[in-house]
Amino acid sequence: MNPSVASRIRRIVAQATGRHAITWWTWLITAPVALTVMSGLQYVTGGPWAVVAVAAVEHLGVGLLMLVGWALLRVTPAPVRAATVIAVFAVIGVLRPLLFLAAGWLLGIPAAAGDLGGRMSINLVTSVAVFSLIAIGVQLVEDHLGVYRRLRAAQEASARDAVLAADRARALRDSALDAVSEGLERATVAAESHGIRPADAANLLREVAEQIVRPASHRVFDTDAPAGEESEAGRVRKRDWIASVLGGMQAAPPLLLAVLFAVMVLPFGVWQYGLLFCLPPLLCGLLVMWGGNVLLARAATRTPPALRVVALLTGYGLIGVLLSASSEATVRVMGGDPELVWFEAASYWLVGLGVAFVASLTAQVRRDQSELEEAVQDNIRAAAAIRGTFETERAALARLLHSGVQSELIASALALAAGPSADASAELRRVVSSIRAELSAPRVEPDAAERIAALVESWGCAIPLRSSFGDDVWERLREPVRAAAVIDTISEGLANAVRHGDGSEVTLDVLAAPGDGVSVVIVSGGALSAAVPGIGLRQLAERGAVALQEAAGRVELAVAIP
């Protein structure tokens, strides 16, 4: 057997026999089965209310059996759980017709046994198939809710981190500059109100430098970059989740659905007509279902997501009607009595929607899982970028206050103290105006060395990273295009190391290459996940020679940038 097929079968069995094998949903969803021909719709006399009463009591009995089965499964060892679950499903199916007879006896309503063996076989197959389908659906709902929650949380955390980081950088800058501006304002007011002697002006400027600017610069320098928030799963509005599920609905696999339903109705056909007689109607119905399913699958892909559920509801209803009509026509042509064949219409509609729901959720779980992985990687990249931006802003602000403003205040204070003027008000106003202009001036874009240093430091906070740079590299990175390519290579390479790595230390070496080029080598633990490079690596190949290889559990990305 193909390994992928075997793996898929094992996954389906695990979902059908897992901890959601028997739930309240199993009992609620199968309630209509108590009214079908498989349980005894045609065997009860006394009118519609008598039928409903017997079906209700019968289903209560089924619920009690489910409780017993649930309790049994709680103590069943893992190695035999799958077989035990199937056995419990089968026993419930076999006992259902007996519960039907017991319900009629308890209520005093005549209920005929009919072909008890045939009814038991029908209920056995139906119960195993339907219970398994419900268990898979419940498990997929839980899986999808979990992935959907984490995906939304990761996406929200990314946006929130960006806003919080920008707010924090702005608040840091504002608090530092406000303190300095307030000190300068006091100096200006003092000078303009009473005049000020040079010695007093010098002392005032030194006081602003030592008591305001210096502490502000140290506070800015010591402030850590904001850390990204954990993307913990939060509450998800049911309306949003339901809209996501319905918008992602797709048709069931055509052949799988046709074969599954054919297997489900085979016991009824054998019981009603015999094996040889039921084969032609069964084959005819199989062709109708397969053809209808193929057409519906094509139509569903062309239907807008908002209307896809309506298309599936309508499509499976029509296929069910065609199935029953073809079964009736085939049975009549063969000289048989097509009694009860129209139950296929409603049954197929329900089974078709159930299988479509399971197939859709399976695809959505895979898709959302992929989006979640990408969102987490985006968060890591965004966190590195946020930290780099914050570090650049923080370092520039700290340098401005410590090396610029503080130095200018001290130098001006020394000049004032040595000046001959009796009133230093004018000179004090000039110094204050100059510093205010310097504080309000736009920040200059950092050079490549600063950007790379901030980038490496940012990634070093997210992953275990060891980096080294050649002595003659920085001079070569003065060329803007080459510097941009090196920065992009480091970003892409470290992002891939996180995405495909095993969590071990990552090494980054930036060295001189032949000519004026630069070589970037990133080595991480793990394995290559695909033989074909992704978009990022293909874009890097447009700017340099890219070599990606795996050896001894380590992956090496080497990019030579001319």
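Modeller: I start with pLDDT, the predictor's confidence in each residue on a scale from 0 to 100, and with contact, by which I mean heavy atoms within 4.5 Å. This is a predicted model, in which local features need pLDDT of at least 70 and side-chain atom pairs count only at pLDDT 80 or more, while totals for chains, interfaces and linings use all residues. Residues are numbered from 1 along each chain as its sequence is written, and side-chain values use heavy atoms, with hydrogens and water left out.

Over residues 228-233 the pLDDT stays under 50, and for this stretch the model has 13 contacts beyond four places in sequence. The protein chain as a whole averages a pLDDT of 76, with 73% of the residues scoring at least 70. It holds 16 helices and five strands, which are DSSP runs numbered from the N terminus (helices H or I, at least four residues; strands E, at least two). Among these elements, the highest mean pLDDT, 90, belongs to helix α4 (residues 81-107), and the lowest, 67, to helix α16 (residues 535-541). Of the 562 residues in the protein chain, 42% are buried, that is, under 20% relative accessible area with a 1.4 Å probe and protein chains only.

Two or more lining residues come from each of α8 (254-273), α9 (275-301), α10 (305-333) and α11 (343-418), and α8 gives the most, with seven.

Helix α8 also contains alanine 262, which counts as buried because its relative accessibility is 9%. Alanine 262 touches Leu282, Leu286 and Met289, leaving out residues up to four places away in sequence; methionine 289 is 27 residues from alanine 262 in sequence, and their C-alpha atoms are 9.1 Å apart.

The largest nonpolar core has 37 residues, of which Val44, Leu257, Phe261, Met289, Leu312, Tyr316 and Tyr348 touch the most other members. Such a core is a set of buried Ala, Val, Leu, Ile, Met, Phe, Trp, Tyr and Cys residues joined through side-chain atoms within 4.5 Å. Helices α3 (48-74), α4, α5 (116-194), α8, α9, α10 and α11 each give two or more residues to this core, with α8 giving the most, eight. Beyond residues up to four places away in sequence, phenylalanine 261 touches Met289, Leu323, Glu344, Ser347, Tyr348 and Val351.

Apart from this core lies another, of 25 residues, among them Leu455, Ile487, Ile522 and Ile561. Turning to a strand, alanine 558 is found in β5 (residues 554-561) and counts as buried because its relative accessibility is 17%. Neighbours within four places aside, alanine 558 is in contact with Val520, Val521, Ala545, Val546 and Ala547.

Definitions and conventions. Buried means under 20% relative accessible area, exposed over 50%, partly exposed in between (1.4 Å probe, protein chains only).
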